[in-house]
Amino acid sequence: MKEIDYIIVGQGLAGSVLAYSLIQENQKVLVVDEEAESSSSRVAAGLCNPVVFKRLTKSWMIDEVLPLAKEFYQKQEALLNDQFYFDVPIYKLFVDEKEQSFWKQKSNEPHLFDWINHKVEYPFDKEKMMYPFGASKTLQSGFLKTANWLEKFKHYLIEKESYINMKFDYDKIKFSENAVVWNDYSAKKIIFCEGYQSIYNPYFDWLPFKLTKGEVLTVKFKNLKIDHAINKGVFVLPFEGEYKLGATYNWDQIDNKSTKEGETELIKRAKRFINDEIITVEHKAGVRPTVSDRRPLLGIHPEQYQLAVFNGMGTKGVMLAPYFAEKMVQFLLKNKKISPEANINRFLT
Ligand SMILES: Cc1cc2nc3c(=O)[nH]c(=O)nc-3n(C[C@H](O)[C@H](O)[C@H](O)COP(=O)(O)OP(=O)(O)OC[C@H]3O[C@@H](n4cnc5c(N)ncnc54)[C@H](O)[C@@H]3O)c2cc1C
């Protein structure tokens, strides 16, 4: 029997960020992952947008979560000797004068001063892009190459003998007074970071997920070149010489299959402002672990205290995971309380 501190099920953004946060506290972890090609984390564009464009408000907890996220990914870059996080402005293309003046008005409000620029610009080729009312950009936005980071981090775990590629089998869990045993491993706790597949977990299937399928394309343009990210109903993100174009939101069809309708919808929306041929290179779909109240899911099983969950990062895993992993670690190691909005206790009556 190998004695470790924590078994983590899932090596998506949630499981990986939590694993490293525990390793930094000298905890011995084992990460079990079945390596699904189309996990939400591997499909995600990885954008960190500090504002909600629809209402022009700050993203939830942005002042706390974004600095921590950047610091976390910078540490990963130093550890793994590669770049994963990139600063990039996200340009909002205005649909009319009203939207443009709303942006200008909002950009003068003190709480948005650090997050959106006030200037209206015309930074894109006016022949190949249609945006007669101009554009303006976010400040402090960026994106994480999620799949690249997860792959490199997996190899780091493998070198530390802290990784197993297999489907976690719930029937193999055995509980004792002070430990939980799974196969040949004895640990203090098993922490489930299974993303949307948490709905199949017999211990946590009561959590109120409201899952959202999303599809993303990798595309090329015939002539158009864009150096910044754009948002106008869809996002366009320059990515390794090509572009990510996404994403759809579907609450009814929950699977990882890319669909013709998804591709058509994305291209149709992009064509509203791109006056160039769009060529699909790759098409992926994933399921976001979104929750009914749009808040993360952290905590301990109400009856089996050796089982814990770290999930519910929703549409913003890149920004939220490092901050909440720190909170989870403080809870596990120092018994500090998890905030009521993130604690799964909020769903216990
Ligand atoms: C189309 C799309 C676009 C997105 N864009 C963005 C974006 O721009 N910015 C952003 O921040 N977020 C974005 N997201 C959301 C983001 O992907 C999620 O918030 C985040 O990746 C969730 O990570 P996770 O680790 O909780 O789940 P997942 O990524 O689903 O990871 C769960 C892991 O657990 C493994 N697993 C599950 N059950 C088991 C089991 N029983 N045994 C073994 N392994 C198991 C799975 O194989 C998987 O590797 C997007 C999502 C989608 C689908």
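Visitor: Which residues do ring pairs link into a cluster?

Guide: The cluster consists of Tyr 20, Phe 72, Tyr 73, Tyr 85, Trp 149, Phe 153 and Tyr 156. Rings of Phe, Tyr and Trp (its six-membered ring) pair if their centres lie within 6.5 Å; planes under 30 degrees apart count as stacked, over 60 as edge-to-face and the rest as tilted. By this rule there are 27 aromatic pairs. The model is predicted: local features need pLDDT of at least 70, side-chain atom pairs count only at pLDDT 80 or more, and totals for chains, interfaces and linings use all residues. Residues are numbered from 1 along each chain as its sequence is written, and side-chain values use heavy atoms, with hydrogens and water left out.

Visitor: Why is the pair of Trp 60 and Phe 324 called stacked?

Guide: The ring centres of Trp 60 and Phe 324 are 5.8 Å apart, and their planes stand at 15 degrees, so the pair is stacked.

Visitor: What makes Phe 324 buried?

Guide: Its relative accessible area is 2%. Buried means under 20%, exposed over 50%, and partly exposed in between (1.4 Å probe, protein chains only). Phe 324 is therefore buried, while Trp 60, at 21%, is partly exposed.

Visitor: Why is the pair of Phe 175 and Tyr 203 called edge-to-face?

Guide: The planes of Phe 175 and Tyr 203 are at 80 degrees, with the ring centres 6.1 Å apart, so this pair is edge-to-face. Phe 175 has a relative accessible area of 31%, so Phe 175 is partly exposed.

Visitor: Why is helix H3 called oblique to H5?

Guide: H3 (residues 62-80) and H5 (residues 146-159) pack at about 55 degrees, their axes 11 Å apart. Helices (H or I, at least four residues) and strands (E, at least two) are DSSP runs, numbered from the N terminus. Axes are lines fitted to C-alpha atoms, for helices over the stretch in contact, and angles run from 0 to 180 degrees between N-to-C directions. Angles under 35 degrees count as roughly parallel, over 145 as roughly antiparallel, 65 to 115 as roughly perpendicular and the rest as oblique. The angle therefore makes H3 oblique to H5.

Visitor: Which residues of H3 and H5 make the contact?

Guide: Contact means heavy atoms within 4.5 Å. H3 contributes Phe 72, Tyr 73, Gln 76, Leu 79 and Leu 80, and H5 contributes Trp 149, Lys 152, Phe 153 and Tyr 156.

Visitor: How do you know that Asn 117 is buried?

Guide: The relative accessible area of Asn 117 is 16%, so this residue is buried.
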